Amino acid sequence: MSTFLHYALGFPTFIFGALLLCMLLYWLIALVGLVETDSLDQWLLFDGSDHAHGVEHSVSALAGLLLKVGLGGIPATVILTVLLLLSWLASYVLCHLVPMPEGWTLVNLIIGSALALAALVLGFAATVVVLRPLRGLVARIAPPETPQVLLGRTGLVRSGVVNATQGYGSVDDGGGGLNVQMRSPERDLPRGTEIVLIEHLPAHNAWRVVSKAEFDGSEIPGLHPPV
């Protein structure tokens with residue numbers, strides 16, 4: 001027991017342990033109804049920087065990363081809880097394997113920081129492996145907005161480009177905003193383009209989009225406005 005406490009309460013494992021306890025406390029507060037279960041998701045996944053473009057919230061870099069690794073659609077609170085748990089386990093094991101001097105010495109801090117970074121990377125990789133197969137289950141338990149609700153909504157391209165095979169962006173859903181996969185088979189849409197969702201593509205879990213200018217008829221496909 002003393003060995004377990006030595007590593008669990010030592011640097012850097014105690015950092016992940018403290019953050020994990022905070023997440024468990026958040027879940028407890030959410031269960032009793034004092035906060036919304038998705039309030040942390042809005043804070044983590046949207047940066048609120050695109051009011052001028054008509055989108056209440058914009059997709060953060062974290063949301064884009066989650067989409068790229070296949071965790072889109074899983075609540076950020078679930079991802080963060082699993083990430084912290086697996087990072088804590090990775091840190092505990094690494095501290096067993098890598099000898100560290102006692103006390104808060106410079107060498108201790110350098111080694112501990114390196115172990116923390118390694119544990120976070122390992123924890124993230126393990127989180128992707130564990131949660132990616134659960135996307136279908138999560139979709140059944142908490143299904144996303146139906147296509148009828150999102151059809152015709154406007155948004156912004158947040159990835160470098162949206163084309164026929166890749167891309168994502170933020171959508172104004174009338175509430176906190178949504179981040180969705182987007183496809184544009186006809187033309188490439190660069191970052192910052194205002195778009196309209198015109199068709200749901202269930203096979204790709206994505207939306208076919210066109211630029212808002214094209215949708216409004218102020219831009220003809222294939223022609224570029226004069227400089």
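**Close-up views of a predicted model**

View 1. F14 counts as partly exposed, at 34% relative accessibility. F11 has a relative accessible area of 18% and is buried, because the cut-off for burial is under 20%. The structure, a predicted model, holds 4 aromatic pairs. The rings of F11 and F14 form a tilted pair, with centres 6.3 Å apart and planes at 50°.

**View 2. Helix 2, residues 13-31.** This helix has 19 residues and spans 27 Å from its first C-alpha to its last, close to the expected 27 Å. Its buried residues are T13, F16, G17, L20, M23, Y26 and A30. Residues three or four places apart on an α-helix point the same way, because there are 3.6 residues a turn.

**View 3. The largest nonpolar core.** This core has 14 residues, and F16, L84, W88 and A119 have the most contacts inside it. Helix 2, helix 5 (76-97) and helix 6 (106-131) each give two or more residues to the core. Helix 5 supplies the largest share, 6 residues. Another core, of 11 residues, lies apart from it and includes L150, M182, L197 and W207.

**View 4. Surroundings of W88.** Leaving aside residues up to four places away in sequence, W88 touches F4, A8, T13, F16 and G17. Ring pairs also join W88 with F4 and Y92 in a cluster.

**View 5. Spans annotated as transmembrane.** The unreviewed UniProt entry gives the annotation "transmembrane region" to residues 14-35, 65-89 and 109-131. In the model, residues 109-131 are 100% helix and 0% strand, and the end C-alpha atoms of this span lie 32 Å apart.

Conventions
Residues are numbered from 1 along each chain as its sequence is written. This is a predicted model: local features need pLDDT of at least 70, side-chain atom pairs count only at pLDDT 80 or more; totals for chains, interfaces and linings use all residues. Side-chain values use heavy atoms; hydrogens and water are left out. Helices (H or I, at least four residues) and strands (E, at least two) are DSSP runs, numbered from the N terminus. The expected span of a helix is 1.5 Å times one less than its number of residues. Buried means under 20% relative accessible area, exposed over 50%, partly exposed in between (1.4 Å probe, protein chains only). A nonpolar core is a set of buried Ala, Val, Leu, Ile, Met, Phe, Trp, Tyr and Cys residues joined through side-chain atoms within 4.5 Å. Contact means heavy atoms within 4.5 Å. UniProt positions are given in the numbering used here, feature names are shortened, and annotations may be inferred rather than shown by experiment. Rings of Phe, Tyr and Trp (its six-membered ring) pair if their centres lie within 6.5 Å; planes under 30 degrees apart count as stacked, over 60 as edge-to-face and the rest as tilted.
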